[in-house]
Every structure is written in C-alpha cells, then in structure tokens.
Amino acid sequence: MAQVEPIADKVTSYFYALLFLHLPELRSLFPASMDVQRDRLFKALLTAAKHVDDPGALAAYLVPLGRGHRKYGTLPEHYPAVGECLLGALGQYATDVWDAETEQAWVRSYTLISQIMIDAAAADESRAPAWWQAEVVEHERRTGEIAVITVRPDEPYPFLAGQYAALETPWWPRVWRHYSFASAPRSDGLLSFHVKAVPAGWVSGALVNRARPGDVIRLGPPTGSMTVDHGTGDGLLCLGGGTGIAPIKALVEDVAERGRGRPVEVFYGARSEHDLYDIEALRQLERRHPWLSVRSVVDEGRSDGLPGRLPDALGGYGPWAGHDAYLAGPVGMIRSGVAALRGTGMPGHRIRHDPVEELVPNAG
Ligand SMILES: NC(=O)C1=CN([C@@H]2O[C@H](COP(=O)(O)OP(=O)(O)OC[C@H]3O[C@@H](n4cnc5c(N)ncnc54)[C@H](O)[C@@H]3O)[C@@H](O)[C@H]2O)C=CC1
C-alpha cells in the first residue's frame, strides 16, 4: 500500500474510468461530481489494508461500512467487478512493484474486505431499512453561517448519543455528508443537527441556506463509537470546537438521562464570542446539573471565556486521572487536543473521537 500511496490519484481515476466503461449501469450509484468520492475510496482501502491482519479492528471498520453501502444501492455482485477494475488500475500504475505475488496478496485482501462488507449488509437487511427519509420540521438560523435543523424520520431511528449519520439532500443527489446528532435520543423521535455553511460545502450550504420545513432529506444508519460507557462512573472531559459541540451536548444529555451524577467537564471553543452559538443551551444544562461544568474558550476578541485555541485552554486545568476524553470539532483541533491530553499523561485508550477521515469531507 505504501508504494501505491504516491500514485493514488492516478490509480483511483483510472479505476473509476475502467469501472464505468465496463459497468456503465453503476455510474448512477455515484454523485455527479466524483472529486470527494475518488479520495474516499483510497482512504477506505488504506484503512482496511492497515488492519488486514487484525480481524477485530478490520470488522469494526468494515461492518459499518458494509451496512452504510446499502443506502447507495450497492449489491453483492458489484464487489467482484469493483475488485477486477481495482486490480486492473493497480497493474497499470504500480508497475514497479506489481508482480504475481503482489497481485495474489491484493486478491486475498480484497476478497476478505468485500466478504465482510457483503455479510454485514446482508445481516443488516433483516433489521433496518437501507436509509430513512426524514422531513425537516424546524430550521433555526443561529449565526450567518450556522443552522440547527430538526427532522422527523419516517420510521423509528434507533441511535446512541455521540453517534453520527450520513445525510443526503434533495439538491445534491447521491452526495452524502456526515453530521453528528445534536441531542440524545428523544421521546418524540425527532433528530437534530448543527450545520455550518462552509465555502464549497454543497450539502452544508444547501442545509443552511435552502432547507425549509417540509423538505425531505435521506439519512443513512447511525454509526460511530464516541459513546458513553454507562458501565463505569468515570468522569468525562469533553472538548467541542465550533459545531463539534453538537455530539458533546448529546453526551451530556445522555449522562443526565441515566441519572448518575458523574463529573462532566465541557470546554466549548469558538473563534469569537458570537460564534458560541449554543452556549445558552449548555449554560441551562449546567444550572440544572451540579456535576456539570462548562467553560467557553474563544480564539479572538472580547469574551467572558478563556482566551486562545481550544486545546491550549486545557493547560490550566486537570489532572484528569479517572476521566475519559471526548473530542469533536475541526481535524486540527482534534489532533492537537489528542496531543495535549497525551501530554498530561492520559492513556490513548481513554481518548475518543470520530475518525478524522470522516470529518474532512464535511466541506463538500
Ligand atoms: N464528531 C465530530 O468530531 C464533529 C466534527 N465537526 C467538525 O467540526 C468543524 C467545526 O468547524 P468550525 O465550527 O468552523 O470550527 P472553528 O474553525 O470555528 O474552530 C472551533 C474551535 O476549534 C479550535 N481550532 C480550530 N482549528 C484548530 C487547530 N488547528 N488547532 C487547535 N485548535 C483549533 C478553535 O480554537 C476553536 O475553539 C467542522 O470541520 C466539522 O466538520 C462538527 C460536528 C461534529
């Protein structure tokens, strides 16, 4: 895989050209613009290849991926065709390293990867729909760029606080982007998301600027493991940057609903005081629950909170022995937040966040 990485762009472009040439009927399963998609395929292969000798980690990655592929209309018979085109593309470009042995190793890995995904999709069929339709019931603009969107799924949608889902709008068919649930499961079955319109972010832009009550979006299955372990009473240290506060609020609500007052410390970071668009909701939770403390952290300008970038604010607090850390927000914040927490001596297994490769394409 290391040898293929530098030529990944060429391999994936050639792969899709082969695929659509031999199986033109598959083109309709993909978005009109393939930019983000090209990148995704390679990142997924890279991640799977990394875990190919670790069955537990491989299944943890591929089972949700196989389930999630149901919403695209992927069928078991598509996998061998994809595999053949992939080998064709690798054989074409990885000429320096391509021989019979390498080809066999790829065939074995791809067969294993696709079988896990096919089995996961088949097992899911009896349990859940491939996707849910959900009607927008509320669209609340919080700043010029951020909206809180509440939807009603057409069928019950079971999920856990801290998880996220892929979402497709009617304006960009087959373009799916990930958003975290902004509250714990509610008794009325409604789901909410915090969305920030970013430059070149088609889905986010449409959700903030075009979506209105009555519009219908599609939702993929819930996924992600940044969830609370209710088997322990350990404390939670939560870092939410920008719209990353959405899953953090869901986690706080989840702890509150379990009625067990374990200590929860939230650091909520934003560029300016004005961008702390959900601070009032967090302050309300803080007033209601003595085990919760909320600190705001603001990059620039006048503010009642701590100054600086979010991870820098941790320096004056802690230690957090006996706490699990949860991080959600921009990739740079997650990376430097993890480094800061490791620097305080927190073991890696206590630090949770969503896979950063799932967060990057939120811009699209
Ligand atoms: N589950 C998750 O992890 C979620 C992630 N997100 C992601 O969060 C991001 C939110 O973007 P915005 O609201 O524009 O955030 P932003 O750019 O306004 O930053 C928010 C906070 O993160 C800190 N920060 C940003 N970049 C940093 C860096 N390189 N190093 C250290 N700290 C940094 C800032 O100090 C600020 O406190 C989006 O990329 C979105 O995809 C959103 C929701 C859930």
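1. Contact here means heavy atoms within 4.5 Å, and helices (H or I, at least four residues) and strands (E, at least two) are DSSP runs, numbered from the N terminus. In those terms, Lys43, Ala44, Thr47 and Ala48 of helix 2 meet Leu58, Tyr61, Leu62 and Leu65 of helix 3. By class, this contact of helix 2 with helix 3 has six nonpolar, one polar and one charged residues, where Ala, Val, Leu, Ile, Met, Phe, Trp, Tyr, Cys and Pro count as nonpolar, Asp, Glu, Lys and Arg as charged, and the others, Gly among them, as polar. Helix 2 covers residues 35–50, and its axis comes within 9 Å of that of helix 3, the two crossing at roughly 150°; axes are lines fitted to C-alpha atoms, for helices over the stretch in contact, and angles run from 0 to 180 degrees between N-to-C directions.

2. The model is a predicted one, in which local features need pLDDT of at least 70 and side-chain atom pairs count only at pLDDT 80 or more, while totals for chains, interfaces and linings use all residues. Residues are numbered from 1 along each chain as its sequence is written, and side-chain values use heavy atoms, with hydrogens and water left out.

3. Helix 3 (residues 55–68) also packs against helix 5 (residues 100–125), at an angle of about 55° and with the axes 7 Å apart. That angle makes helix 3 oblique to helix 5, since angles under 35 degrees count as roughly parallel, over 145 as roughly antiparallel, 65 to 115 as roughly perpendicular and the rest as oblique. The crossing of helix 3 and helix 5 is right-handed; a crossing is right-handed if the near helix is turned clockwise from the far one by less than a right angle, and left-handed if anticlockwise. Helix 3 contributes Leu58, Leu62, Val63, Leu65, Gly66 and Arg67 to the contact, and helix 5 contributes Leu112, Ile113, Ile116, Met117, Ala120, Ala121 and Asp124. By class, the contact has 10 nonpolar, one polar and two charged residues.

4. Helix 1 (residues 8–22) and helix 4 (residues 78–93) pack at an angle of about 135°, with their axes 8 Å apart. This makes helix 1 oblique to helix 4, and their crossing is right-handed. On the helix 1 side the contact includes Tyr14, Phe15 and His22, and on the helix 4 side it includes Cys85, Leu86 and Tyr93. The contact of helix 1 with helix 4 has 12 nonpolar, three polar and one charged residues.

5. The domain assignment gives domain 1 (5–125), domain 2 (132–219) and domain 3 (235–363), with bounds that come from an automatic or database domain assignment. The centres of domain 1 and domain 3, taken over C-alpha atoms, are separated by 35 Å.

6. In the unreviewed UniProt entry, "domain: Globin" is listed for residues 1–122, and this span is 69% helix and 0% strand. The annotation "domain: FAD-binding FR-type", also from an unreviewed entry, covers residues 129–229, a span that is 8% helix and 38% strand. Such annotations may be inferred rather than shown by experiment.

7. Two backbone details in loops deserve a look. Gly318 and Pro319 are joined by a cis peptide bond with omega of about 0°, and Pro319 is found in the loop between strand 10 (306–307) and strand 11 (323–328). Arg174, although not a glycine, has a positive phi of about 65°, and is found in the loop between strand 3 (164–168) and strand 4 (176–180).
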